[in-house]
Amino acid sequence: MTRIDNEPRHDGHGRPDAVSVRGLVKHYGETKALDGVDLDVREGTVRGVLGPNGAGKTTLVRIMSTLLVPDSGHATVAGFDVVRQPRRLRRVIGLTGQYASVDEKLSGRENLYLIGRLLDLTRKDARTRADELLERFSLTEASKRPASTYSGGMRRRLDLAASMIGSPTVLFLDEPTTGLDPRTRKEVWGEVKRMVGDGVTVLLTTQYMEEAEQLANELTVIDRGRVIANGGIDELKAKVGGRTLRIRPADPLELRPTAAALDEFGLTGPGNATVDIATGTVLVPILSDEQLTAVVGALTARGITLAGLSTELPSLDEVFLSLTGHRASEPTGPGDPRDTPADRSHESYEEAAV
Amino acid sequence: MSAATVIDKPAALDTGDDPHVGPRAHLRHISALIRRNVLWIRQDPESMFDVILMPIVFTLLFVFVFGGAIAGKGNQDEYVNYVVPGLMAMMGMNIAMGVGTGFNQDFQTGVMDRFRSLPISRASVLIAKIMVEIGRLLLATAILLGVGFLLGLSVSNVPGLFAAIGLALVFGSSIMWIFLTMGVVMKNAQAIQGMGFLVLMPLQFGSSIFSPPSTMPGWLQTFTDYNPLSSLADAARGLMNGGQPVAHDVMITLLWSLVITVVMAPVAIHKYRTKT
């Protein structure tokens with residue numbers, strides 16, 4: 001199997017990819033945190049990196065933001081090499097870490113002012129920029145309070161604001177909504193979308209398929225330091241079986257007949273309908289809105305009354321199950337066959353690169 | 001190589017890095033970081049308790065509890081003149097330990113990652129921390145001398161007093177690099193504190209800080225002779241009140257400070273730079 005290119009694309013004429021990673025390897029002692037990762041982010045797009053805890057997502061972001069030096073492989077950000085040109089690279093990136101990296105003892109305004117000064121803004125410019133960003137991230141009212149008094153969402157917004165001070169061209173968001181409640185999560189997504197609207201290139205790591213779907217144009221799924229799938233969101237969703245339709249018949253006695261009817265219709269995506277007794281629902285994978293409509297029509301024709309209907313994105317676990325044959329949280333035994341996912345990654349990588 | 005070729009070079013082929021941060025930018029970064037630490041104090045005044053209370057408690061404790069026993073009942077005044085210069089030496093060690101624990105806690109939050117991903121010299125974060133701690137040490141020393149004067153401390157040589165303060169600051173700041181390194185390397189603040197006490201206690205008590213080593217057994221006297229804290233305490237006493245030659249002790253103290261700084265500052269900066 002031939003690689004398309006081993007070097008970052010860099011022809012001197014066209015613009016290089018905003019982020020380009022080739023064969024990145026990083027060990028921590030015996031543990032291989034990254035085991036040959038390839039990845040590109042085109043300028044102005046969002047690349048989601050999806051993976052469970054310990055997959056190597058944070059290590060990847062730390063290498064890209066010059067906090068860690070890789071053992072081997074190449075990586076460039078905005079055309080700058082992470083190892084050879086760290087100082088130039090640091091001028092064009094923004095970083096929002098997994099833990100809100102703001103100074104809790106300082107006020108929101110002081111936090112932003114400090115970053116501004118460290119980015120060589122004059123006192124006046126640092127102040128103006130801080131106020132601008134406080135306004136933009138709806139923090140003006142709380143700007144004088146110490147960040148320790150902020151809610152989780154406010155802290156995350158301050159963190160995003162801090163990473164925007166230097167008007168970066170590439171932004172790294174390492175699990176930006178981990179630990180947030182659903183409402184706050186949506187709020188942060190809104191902010192990230194606005195930042196992308198301004199033309200920032202984003203590399204986002206996440207554990208949530210839903211987050212990737214909301215924010216990313218393209219997705220890389222990684223597991224144990226390896227890329228196991230790579231491609232557009234829709235492409236991957238089709239690969240993992242799209243959404244799950246959850247149907248609640250009005251009469252609980254109709255649960256099994258409903259499931260049987262669905263299998264009989266054959267209107268849905270891969271996989272059979274399953275009955276979830278605990279919630280009184282039937283689950284069935286679907287690939288499109290047309291399938292959803294067809295299912296409702298067919299069930300109605302059978303005289304089954306529906307009390308509830310919802311669609312769900314596959315969970316990280318389900319994504320992993322369909323891509324790798326094991327669950328995200330499952331520890332691998334020594335005899336685990338790794339060949340399949342690795343092969344697959346190269347295959348899909350080439351698809352994406354061509 | 002002419003300047004024109006450099007300018008003509010297309011940006012995409014330029015594989016060089018920016019030069020290191022210049023001295024003026026460096027100074028600006030350090031002062032912004034010092035400002036951060038000063039704002040902390042305003043936000044959390046309790047963080048100054050150690051600096052304010054330690055000199056008061058230690059002076060009172062040693063003068064009134066041990067002073068009589070060491071210098072003879074009723075001779076506490078004399079002991080004040082002995083122990084206050086010694087405590088100046090001790091202060092630096094204790095505050096330096098706080099540098100390690102504070103810096104370690106800073107690392108537990110993501111703030112350090114943000115600083116390290118900014119285009120600033122990575123040493124500036126450490127230097128700012130040391131500057132702030134030198135300020136705190138200066139305040140502790142001022143309080144120590146204030147309490148000393150209330151208890152009858154006499155100073156015959158005022159320029160000597162300032163020289164003694166300066167010497168204590170130089171030595172104290174060199175020790176801070178050791179604890180900064182520990183702050184970066186060790187897992188948590190408790191570990192640093194535990195380790196710190198284990199080292200500090202014998203160093204402080206096995207010295208001429210609290211009592212003249214002349215009553216100690218021979219092996220211990222050998223230890224105190226080589227203990228830099230003895231040199232610093234003796235130098236401070238000589239500088240403040242004369243009565244003993246100071247040149248040797250001053251030299252020894254400066255030499256220790258220099259060696260510790262030259263060895264530990266690069267280690268601290270390196271460890272900070274490569275912290276994973």
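Predicted model: local features only at pLDDT ≥ 70, side-chain atom pairs only at ≥ 80, totals over all residues.

Student: Which residues of H1(A) are buried?
Tutor: The buried residues of H1(A) are Lys57(A), Thr58(A), Thr59(A), Leu60(A), Val61(A), Arg62(A), Ile63(A) and Met64(A). A residue is buried if 20 or more other C-beta atoms lie within 10 Å of its own, exposed if 12 or fewer, and partly exposed in between; C-beta atoms are placed from the backbone. Helix H1 spans residues 57–64 of chain A and is mostly covered, with 8 of its 8 residues buried. Helices (H or I, at least four residues) and strands (E, at least two) are DSSP runs, numbered from the N terminus.

Student: Now the strands. What does S1(A) pair with?
Tutor: Strand S2 (residues 31–41) of chain A is one partner, antiparallel over 8 bridges. Strands pair if DSSP finds at least two bridges between them. S1(A) and S2(A) form a hairpin with 2 residues between them, and Gly29(A) in the turn has a positive phi of about 60 degrees. His27(A) stands opposite Lys32(A) in S2(A). S1 (residues 19–28) also runs antiparallel to strand S4 (residues 72–77) of chain A, joined by 5 bridges. There, Val21(A) stands opposite Ala75(A).

Student: How many residues does each chain give to the contact?
Tutor: Chain A gives 35 and chain B gives 26. Two residues are in contact if their C-beta atoms, placed from the backbone, lie within 7 Å. On the side of chain A that touches chain B, H2(A) gives the most, with 5 residues.

Student: And the core?
Tutor: The largest nonpolar core has 145 residues. Such a core is a set of buried Ala, Val, Leu, Ile, Met, Phe, Trp, Tyr and Cys residues joined through C-beta atoms within 7 Å. Met64(A), Ala161(A) and Ala236(B) have the most contacts inside it. Helix H4 (residues 76–108) of chain B brings the largest share, 16 residues.

Key:
Residues numbered from 1 in each chain as written. Chains lettered and ligands numbered in written order.
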